[in-house]
Amino acid sequence: MADITYICKRTVVSTKPVQPGKHCSLSVLDRLMEQNHLRSVYYFRTPGGREPGELTKKLRESMSEMLTCFPILTGRLLKDPKGHWMIKCNDAGVRMVEARIKGSVEDWLKSVDREKELKLVHWEEMCHKPYFWSTFYVQITEFGEGGLAIGLSCFHLLADPTCATMFVKAWADMTLTGKMLNPPLFHQLPPRRPGRKNPNHEPYMELINCYKPIADKTNLVSDTKHATIALAFSDPMVRACMANGQATNALDQSSPSPFEALAGLFWVCISKLKGAGDGLIDMSICLDMRNVLHLDNGFFGNCMVYNKVNSKSLKEHKLSDVARAIGEVMAKMDIDGITDLIEWLEHNGYQSPPSMNGCELMCASLEAVDPYLAVFEEGFVPIRVSSYVEPVVAAGHVLVLPSPPCDGPLSRTVMVTLPEDEAARLCEDDLILHFSPTILMGVNN
């Protein structure tokens, strides 16, 4: 496959100026993500007969219209009097890179790996003068023989994976219909409601205790070369995994959710290849808490919360026990527990934000928003979507994403990032192969 030819890098600004002097503060959940950034890639088939650059020009123009509703993304970083990051909404714009590559998108997807895919996503580390640094980057890559890739990268401080998906959906709506169906909402996280302020209230310490030791962990800079594999589980495959993870207790015949079943499957398999014996390595799950906090679907800001799954009582690699343990932790992440955590973080803020990837396996559910709803033109729909949470400094990442609708309502794509030798062995794991997933991206795929 030929190298990518980069045409230009430009700044896209909104068509309407923002109100002068507008600033936006960031929440405590935003500030925790300072050490991380996100990358995602959307792949599309495109009809023939278009001139090179024609579609890119159309997308650039619709983005300019769309950005009028995203003043935070076109602003720049400043520190407030407390030393916390804030956004000055100054219409400085979003950086866009335009590129081209020979071949077709179908040929690219047959041999893509982590290293090649990340060439479709432009990212620049924060410069020594943050005020001149763009927090969002978009790369549009046209394939000479048909197809298009849209790569989005952004500072996790401003947006979580759900926000990134909302951004692309809003852009698609503007391109397709000329209007935004679900504009973003920028407001603070909800405070504890007056009726819940019980003076005798005991905070949910399990969630708080998950965050307490994070500040003491060293942000590791690893030279380890990582690989990412992407596995597609069709609807029947996920149902089979859920059935395998179903409780055997006569009093409890409940079935795990798709995320609980798949998270349990990969927790067991990764623990085994890392040499944990009959036990399990430490793992944290990461979930979107918008629904739990009763936030609007358009809430724009970080709302992903981490919690550790207790592996001490799990002595065997039994999927039903593992899935149940994950489900129990998820059930405890209710509105009171999340509000307790937010209040605790506001009173015990980290002076130097840690890497929230931690030093253990991280498994995140990115199922909250469907990226396949991003329709830019009639018939111009995503055929595959990849997502990354960077950098990878811990034991590894497992990201559970929706699959294309044609694969069925419970279908999921699982992206796993591990040290390269471990990723190769994971593709050969008998338990994973038992469910016959399709390897979309692997080591030397």
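User: How many bridges join strand β9 to β15?
Analyst: The model is a predicted one. Strand β9 covers residues 226-233 and runs antiparallel to β15. Within this pairing, Ala230 has Met415 of β15 as its bridge partner. The number of bridges joining β9 to β15 is eight.

User: Which residue in β15 is the bridge partner of Val400?
Analyst: Strand β14, residues 396-402, is also joined to β15. The two run antiparallel, with six bridges. The bridge partner of Val400 in β15 is Val414.

User: How many of the residues of strand β15 are buried?
Analyst: Strand β15 spans residues 412-419 and is mostly covered. Buried stands for a relative accessible area under 20%. Of the eight residues in β15, the number buried is eight.

User: Which parts of the chain does the pair of Phe233 and Phe266 tie together?
Analyst: Phe233 and Phe266 form an edge-to-face aromatic pair, with 6.0 Å from centre to centre and 80° between the planes. Both Phe233 and Phe266 are buried. They are 33 residues apart in sequence, and the pair therefore ties together strand β9, which holds Phe233, and helix α8 (residues 258-273), which holds Phe266.

User: What is the arrangement of the aromatic pair Trp133 and Phe155?
Analyst: The whole structure has 15 aromatic pairs. In the pair of Trp133 and Phe155, the ring centres are 5.1 Å apart and the planes make 80°. Planes over 60 degrees apart count as edge-to-face, so the arrangement of Trp133 and Phe155 is edge-to-face.

User: Are Trp133 and Phe155 buried or exposed?
Analyst: Trp133 sits in the loop between α4 (114-117) and β7 (136-143), while Phe155 belongs to strand β8 (residues 148-155), 22 residues away. The relative accessible area is 2% for Trp133 and 4% for Phe155. The limit for this label is under 20%, so Trp133 is buried and Phe155 is likewise buried.

User: Which strands are at the edges of the open sheet of six strands?
Analyst: The strand order is β1-β6-β7-β8-β3-β13, and the pairing is mixed. On average, neighbouring strands are turned by 15° against each other, direction ignored. The strands that pair on one side only are β1 (5-12) and β13 (382-390).

User: What angle does helix α5 make with β8?
Analyst: β8 pairs with β7 in the antiparallel sense over seven bridges, and Ala149 in β8 is the bridge partner of Thr141. Helix α5 (residues 161-177) packs on this sheet and touches β3, β6, β7 and β8. Its direction makes an angle with that of β8 of about 135°.

User: Why is one side of β2 and of β4 left without a neighbour in the sheet?
Analyst: Three strands form this open sheet, in the order β2-β5-β4 with antiparallel pairing. The twist from one strand to the next averages 35°. β2 (23-25) and β4 (76-79) are left without a neighbour on one side because each stands at an edge with a single partner strand.

User: At what distance from the ring centre of Trp85 does Lys79 lie?
Analyst: β4 pairs with strand β5 (residues 85-88) in the antiparallel sense over four bridges. In β5, Trp85 is the bridge partner of Lys79. Lys79 also lies over the face of Trp85, and its distance from the ring centre is 4.5 Å.

Technical notes. Residues numbered from 1 in each chain as written. Predicted model: local features only at pLDDT ≥ 70, side-chain atom pairs only at ≥ 80, totals over all residues. Heavy atoms only, no water. Pairing = 2+ DSSP bridges. Axes fitted to C-alpha atoms, helices over the stretch in contact; angles between N-to-C directions. Buried < 20%, exposed > 50% of the residue type's maximum accessible area, 1.4 Å probe, protein only. Phe/Tyr/Trp six-rings, centres within 6.5 Å; stacked < 30°, edge-to-face > 60°. Lys NZ or Arg CZ within 6 Å of the ring centre and 35° of its normal. Contact = heavy atoms within 4.5 Å.
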